[in-house]
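Visitor: Please take a close look at one part of this model for me. I would like the interface between the chains, seen from one side.

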Amino acid sequence: MSLVTVNIDDKSYEAKENSLLIDLLILHDIKVPYFCYHESLGADGNCRMCMVEIEGKKRPQIACDTFVSDGMSIQTASEKISSVRKRILELELINHPVDCPICDQAGECKLQDYYMDFGLYDSNIDMKEKVHNKKHIALGSSVILDRERCVLCTRCVRFTSNITKSGELGVINRGDKACISTVPGMKLDNPYAMNVVDLCPVGALTSKEFRFAQRVWFLKSTPSICHGCSTGCNIFIDHNQEKYKEDKIYRIRPRKNREVNGDFICDYGRLSYKNLQENRQQELLNKSNVISYEDALLELNSKISGSKNIVILVDANLYNEDIAAISNFSQKIGAKLVCPTECYFDDSFGDDWLKSDYKCANLQAIKNYKIDSLFSSDQQIDLLINFNHPSFSKFSSKQSVEFSTHKGSSAELVLAIPAYSEYSGTTINDANIEQYSQKAITTDVATISEYLSDLSKVAL
Amino acid sequence: MIILEDKKIVSSKFHIENSHTLSVAKEHGTYSSIERLFTLSSEEIIAIIKESHLRGKGGGGAPAGNKWALMPLGELKPSFLAVNCDESEPGTFKDREIISKDPHLLIEGIICTCFAIKSHTAYIYVRGEYKEFSNILQSAIDEAYEAGYLGENIFNKGYKLDVIVHRGAGAYICGEKSALLESLEGKRGHPRVKPHQQECEWYFDNPTLVNNVETIASVPFIVKNGADAYKEFGTSSSPGTLLFAMSGHVNKPGVYESEFGICMMDYINHYGGGIKNGKKLKAIIPGGASTKILTADEVGLAKLDYETMKALGSSLGTGGMIVMDEDTNMVEALKNLLEFYHHESCGQCTPCREGTGWVDTIMQNLLDGVARGEDIEKILEISKTMNGQTICVFAPAVSDVIDGFITKFRSEFESYVREDLT
């Protein structure tokens, strides 16, 4: 496709011929309001917000249905366009309840943003003249619909019809009584259902989990990689440390990566944050007694030096850096390093889109380090050191040590380690793409690398 | 008073008893174009239709031949004909006359059209409320199948043609051709975003022609008698006839076919028997509710053709005239229409979805005596926002209606305003 030059607000831009004008505007951060357009869902043309003035056209045109051609001249902020946008925005808002103070979307709501950017008019309608509608409809087990806040952009409908092809949602009724609804006999409960909450540009669709939990402007968004399966979807971990409280994750959102997950994640991954902060191992335990870090290292060291046949289990969710450190460590102490992968496999979980059959984030690293995925031994294990592998309880050994993120370990020596959200590292997904997760939550617990490097000092 | 000569192309059998049955229709000349039809090629028929300057009779008045020529003939994909009988425009009731009084003429037209565009399936999308008329049409189709005029091998000419009646669910917007096809595909009747180039319509991604019932019913005459015979009627740019209709304050409301170009007042006096109760004329909505209203003075200048009506700032539309006498309350009349549009807006795009409701609310306030002077300006401003910013022409039509009523009869609206309100 050949490149053409387009003139936007008296500046020249290059673009692929016949590409969508709105994509060009978004790419270059040229302010253009829109509700219905979405890169993954395409243009629908219903919101009429993305009006621009095109030289030679009598009327304003919508940028989401304009294909660029050479020499095209576009105005995005002329007086005419500003007034058209303002008037259409006013229409979007006349039946909106303006209940921002109790709306979860406040702070990341396109209606609010556009009102501040393009509106700023005085209201012309009486509250009692507004069309009222239901404000709490559970579309499924995780998504709540407020019909009064809806702008009928139909992104949610198009997501279920074009992306998941499950078709749970539709528009019912006409005119200003038109509203989103589930199709009779259906619930919005597909494995990707909660993406509609992100897609909704306003507060019409909210997540049951996140409703009223936190104001979005208090949240810090940390880029990370989902550890739900080996696809490695890019995510934001949204968290906040309230005064006198612990840093807490309030939600996980998809982070755009066209190579991996596009704009979406599955609900399993989205809700996996709960497990990251429930039932967590915080202390270091020796035979159920809390011990200090130093004592724990000494105890570990003595267990290693007193054992001959040592087996190390490593979890396929750990970061590459952990696996490298563990691999070195096992060579140093002459241990057998294994990662049985059978326990991660679940073909009822995987699908042909984002969910893979292996529910672990770094299987590729296990393969790269040539760590055995099958383990059987006739010999009695003297010492079993487990780095958070879920199958620990299936092995018997004379002595056992477990580095664990969660409570419930049966090992004699239990060493708390942080979950992936609590330190940084890299993982390799099943398409062999290495990806970096940033530390989101602060914790006092030592990482595996810290344990192992401090252990080597003790051993000296 | 001027006496008009009857000029009938599609309504010639309306007065005959049992004209909806095959035997009577055939006796009076229906299906007589078929012999000539099969001696012509697709290209020849389309050329004849183009040459006749037959214009679409559903309201737009676009040249039908040009539309037919957009059909990609000889493609691998099947092509379809969708006959638009979703007649829901207030003041318009002509198509139902055809399907109930001369359904075989429509079937004949469908045969001619399908043969021209190489289509083997035609759908007739009938307005949901037209149950009774639809039943008559269906029994005519059944008769045609039985006679071998429809089906596997029509008229033993080796051509297959199926005609299927599809009843809508009662949405005005499904008369918009792309919404009609969406509905026919089983989806919600939402108009489609218009293509950037001139192209045919698409039914399940197959090339499709959508034409009004009356347009299709005019085709047999042209096929049989040629383009020149058709052009003998009407004016040079609006040739032929139209099933004009009258409702409202006239003595004889109804559907009366007439050629294009005659004076509107002559039509009303001749066919409608003048204004009811000898009252004075106040205004006429010329072509279905969605055309701009004409004042009595403008009606005096109006001729029933596309060009004159356009010059008057209105349009001929469907030719269904709504006549209002001097006692008509324009504020109530507009409110009546706006209730209709409020109810029928499909709700797809913002200006129409929210605008039609808002203007209706303000009009109600005006009638309730709780509106202020600035509210009239507000209505006009909303109407401006609805014009030219939407996917289909529904909102621009509403805008024209509002504009016509308020600018031409502003003092009546102002008399409802309460300036003492704070």
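Guide: What follows is a walk across that interface, then a look at a domain contact behind it. The model is predicted. Start with the extent. Chain B puts 33 residues in contact with 32 residues of chain A. The buried area between the two chains is about 2700 Å², with 51% of it from carbon and sulfur atoms. On the chain B side, Arg353(B), Trp358(B) and Gln389(B) lose the most area to chain A, together 24% of what that side buries.

Three salt bridges are counted between chain B and chain A. One of them joins the side chains of Lys378(B) and Glu90(A), at 3.4 Å from N to O. Three helices of chain B, α14 (330–344), α15 (350–367) and α16 (373–386), each supply at least two residues to the side touching chain A. The most come from α15(B), with nine residues. By class, that side holds eight nonpolar, 17 polar and eight charged residues.

Next, the domains. Chain B is assigned domain 1 (22–231), domain 2 (241–325) and domain 3 (330–414). The C-alpha centres of domains 1 and 3 of chain B lie 34 Å apart. Their contact takes 15 residues from domain 1 and eight residues from domain 3. Together they bury about 920 Å², 69% of it on carbon and sulfur atoms. In domain 1, Tyr172(B), Ile173(B) and Pro191(B) lose the most area to domain 3, together 47% of what that side buries. Zero salt bridges are found across this domain interface. Polar contacts there number three residue pairs, both at pLDDT 80 or more.

Key: Residues numbered from 1 in each chain as written. Chains lettered and ligands numbered in written order. Predicted model: local features only at pLDDT ≥ 70, side-chain atom pairs only at ≥ 80, totals over all residues. Heavy atoms only, no water. Contact = heavy atoms within 4.5 Å. Buried area = accessible area lost by both parts, 1.4 Å probe. Salt bridge = Lys/Arg side-chain N within 4 Å of Asp/Glu carboxyl O. Helix = DSSP H or I, 4+ residues; strand = E, 2+ residues; numbered from the N terminus. Nonpolar A, V, L, I, M, F, W, Y, C, P; charged D, E, K, R; others polar. Domains from an automatic or database assignment. Polar contact = N/O pair within 3.5 Å; in protein donor to acceptor, adjacent residues only side chain to side chain.
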